[in-house]
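Please consult the sequence and the structure shown here alongside the text.

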Amino acid sequence: MPQANSASGAEEAEDTDRDEKRNGEPGEERLSLFVERFAADMVEAGMPRMAARVFGALLSSPEGVMTSAQLSEQLRISPAAVSGAISYLVNITLVRREREPGSRRDRYRLHADQWYEALTSRDARLVRWSGTLRDGIATVGPESTPGRRMTETLEFFDFMRNEMESLLSRWRAHREEVFGPTGPGAADNA
């Protein structure tokens with residue numbers, strides 16, 4: 001019996017290897033394991049689970065673009081789950097929704113530089129939050145205990161905005177140095 005199990009395990013490994021050698025792409029099982037592991041990391045950082053899985057699938061897809069049906073099939077989730085995940089990802093600017101040419105179907109595409117886009121959109125949120133904090137400080141008084149807490153939070157947001165601008169500028173220069181002026185996948189994501 002043990003030989004049959006090891007023989008079947010060897011056959012499965014060969015099948016996986018064959019799958020991976022086709023088109024130079026990883027086998028379905030290995031790709032699925034990556035997507036789930038990456039999603040778990042993103043969930044730990046605060047991203048909703050379905051959004052993390054959809055993002056992982058898009059990130060690991062050859063073109064960085066998939067339809068709802070493709071995502072639903074690959075991840076074995078309902079179209080409604082895909083829709084909710086995409087709404088979240090579009091809102092945080094990691095993904096954009098576009099119409100498939102000549103069709104009424106939407107497809108979902110990673111931004112060419114998705115992390116840069118996501119962090120840039122955070123700047124607008126920090127500006128909005130800073131305005132709200134200024135109103136809060138005026139409401140409770142700058143010398144009150146809550147006013148001092150709010151002032152420290154406001155200072156943190158202002159500090160982050162200033163540092164983020166410099167950091168993102170250095171990232172753009174580094175990205176161009178490493179990947180060239182357009183970066184990886186930029187032609188696909190135009």
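## Basis of the description

Helix axes are lines fitted to C-alpha atoms over the stretch in contact, and the angles between them run from 0 to 180 degrees between N-to-C directions. Two packed helices are described by the angle between their axes and the distance between the axes. The model discussed here is predicted.

## Overall architecture

The chain contains seven helices and three strands. In sequence order, these elements give the pattern α-α-α-β-α-α-β-β-α-α.

Of the 190 residues in the chain, 31% count as buried. Where contacts link residues at least 6 apart in sequence, 51% of them join residues at least 24 apart.

## Helix α2

Four residues of α2, namely V35, F38, A39 and M42, are buried.

After α2 comes G46, with a positive phi near 115°.

Helix α3 covers residues 49-60, and its axis and that of α2 come within 8 Å, crossing at roughly 135°. The two helices are therefore oblique to each other, and α2 passes α3 in a right-handed crossing. On the α2 side, the contact involves L31, F34, V35, E36, F38, A39, M42 and V43; these meet R49, A52, R53, F55, G56, A57, L59 and S60 of α3. Among the α2 residues in this contact, V35, F38, A39 and M42 are also the buried residues named above.

Helix α5 spans residues 79-91, and its axis also comes within 8 Å of that of α3, with a crossing angle of roughly 80°. Because angles of 65 to 115 degrees count as roughly perpendicular, α3 and α5 are described as roughly perpendicular to each other. Here M50, A51, V54, F55 and L58 of α3 meet A81, A85, I86, Y88 and L89 of α5. F55 of α3 takes part in the contact with α5 and in the contact with α2.

## Helix α4 and its surroundings

Helix α4 consists of residues 68-75, and its buried residues are L71, S72 and L75. Viewed down the axis of α4, these fall within an arc of 100°, so they line one face of the helix. Their cover includes α2, α3, β1 (65-67), α5 and β3 (106-110).

R76 follows α4 and lies in the loop between α4 and α5. Its phi is positive, about 55°, although R76 is not a glycine. With a relative accessible area of 66%, R76 is exposed.

T93 belongs to the loop between α5 and β2 (95-99). T93 is likewise not a glycine, yet has a positive phi of about 60°. Its relative accessibility of 21% places T93 in the partly exposed class.

## A residue of helix α6

D135 is part of helix α6, which covers residues 114-140. At 53% relative accessibility, D135 counts as exposed. M150 is 15 residues from D135 along the chain, and the C-alpha atoms of the two are separated by 9.9 Å.

Notes
Residues are numbered from 1 along each chain as its sequence is written. This is a predicted model: local features need pLDDT of at least 70, side-chain atom pairs count only at pLDDT 80 or more; totals for chains, interfaces and linings use all residues. Side-chain values use heavy atoms; hydrogens and water are left out. Buried means under 20% relative accessible area, exposed over 50%, partly exposed in between (1.4 Å probe, protein chains only). Angles under 35 degrees count as roughly parallel, over 145 as roughly antiparallel, 65 to 115 as roughly perpendicular and the rest as oblique. A crossing is left-handed if the near helix is turned anticlockwise from the far one by less than a right angle, and right-handed if clockwise. Contact means heavy atoms within 4.5 Å. The arc is that of the directions from the helix axis to the C-beta atoms.
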